[in-house]
Amino acid sequence: MEGDVFSGYGERYQMDGKVLQNFQKRFVQVQYILEQNRLLINEINQNHESKQADHLGRNVRLIRELNNNIRTVASLYGDLSHSFARSVDASSEGESTGTLKSDGKANNQKIFRSG
């Protein structure tokens with residue numbers, strides 16, 4: 001299923017392997033950070049419910065870490081968006097192996113899927 005993320009775009013643009021690998025790498029990083037955030041949120045909630053001073057104090061650090069993680073995820077998604085836009089621009093200008101015909105359909109189209 002992971003490899004199907006960009007299959008809808010395969011009908012219109014060819015995604016070269018390097019771009020797709022970059023996307024997959026970033027998505028793995030995002031998923032890891034989101035899992036860490038889930039754990040942080042669970043700990044923050046437990047600390048809040050305990051109402052113990054040291055646990056509440058620890059939440060300050062945990063919330064800062066959570067905010068940093070959110071900024072990192074936003075940056076990774078920004079990088080993905082920028083990379084995708086560049087690959088689409090390259091495809092539409094005919095710089096990659098898949099070029100667009102005048103009717104908007106790609107020549108030599110391929111759909112990349114993992115494993």
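Reply: A polar contact is a pair of N or O atoms within 3.5 Å; within protein, one must be able to donate a hydrogen and the other to accept it. Please note that the model is a predicted one.

Me: What makes the pairing of the Asn-37 and Asn-69 side chains a polar contact?

Reply: The side chains of Asn-37 and Asn-69 meet at 2.8 Å, and the cut-off is 3.5 Å. The pair is therefore called a polar contact. Leaving aside residues up to four places away in sequence, Asn-37 touches Leu-66, Asn-69 and Ile-70.

Me: Why is Asn-37 called buried?

Reply: Its relative accessible area is 7%, and buried means under 20%. Asn-37 is therefore classed as buried. This residue lies in helix H1, residues 17–50. The buried residues of H1 also include Arg-26, Ile-33, Leu-40 and Asn-47, and H2 is part of what covers the buried residues of H1.

Me: How do you know that the length of H1 agrees with its number of residues?

Reply: H1 has 34 residues, which at 1.5 Å a residue should span 50 Å. Its end C-alpha atoms are 50 Å apart, so the two values agree. After H1 comes Lys-51, with a positive phi near 55°.

Me: Which residues form the largest nonpolar core, and which elements give two or more residues to it?

Reply: The largest nonpolar core consists of five residues, Val-19, Phe-23, Leu-80, Phe-84 and Val-88. H1 and helix H2 (53–92) each give two or more residues to this core, and H2 supplies the largest share, three residues.

Notes. Residues are numbered from 1 along each chain as its sequence is written. This is a predicted model: local features need pLDDT of at least 70, side-chain atom pairs count only at pLDDT 80 or more; totals for chains, interfaces and linings use all residues. Side-chain values use heavy atoms; hydrogens and water are left out. Helices (H or I, at least four residues) and strands (E, at least two) are DSSP runs, numbered from the N terminus. Buried means under 20% relative accessible area, exposed over 50%, partly exposed in between (1.4 Å probe, protein chains only). Contact means heavy atoms within 4.5 Å. A nonpolar core is a set of buried Ala, Val, Leu, Ile, Met, Phe, Trp, Tyr and Cys residues joined through side-chain atoms within 4.5 Å. The expected span of a helix is 1.5 Å times one less than its number of residues.
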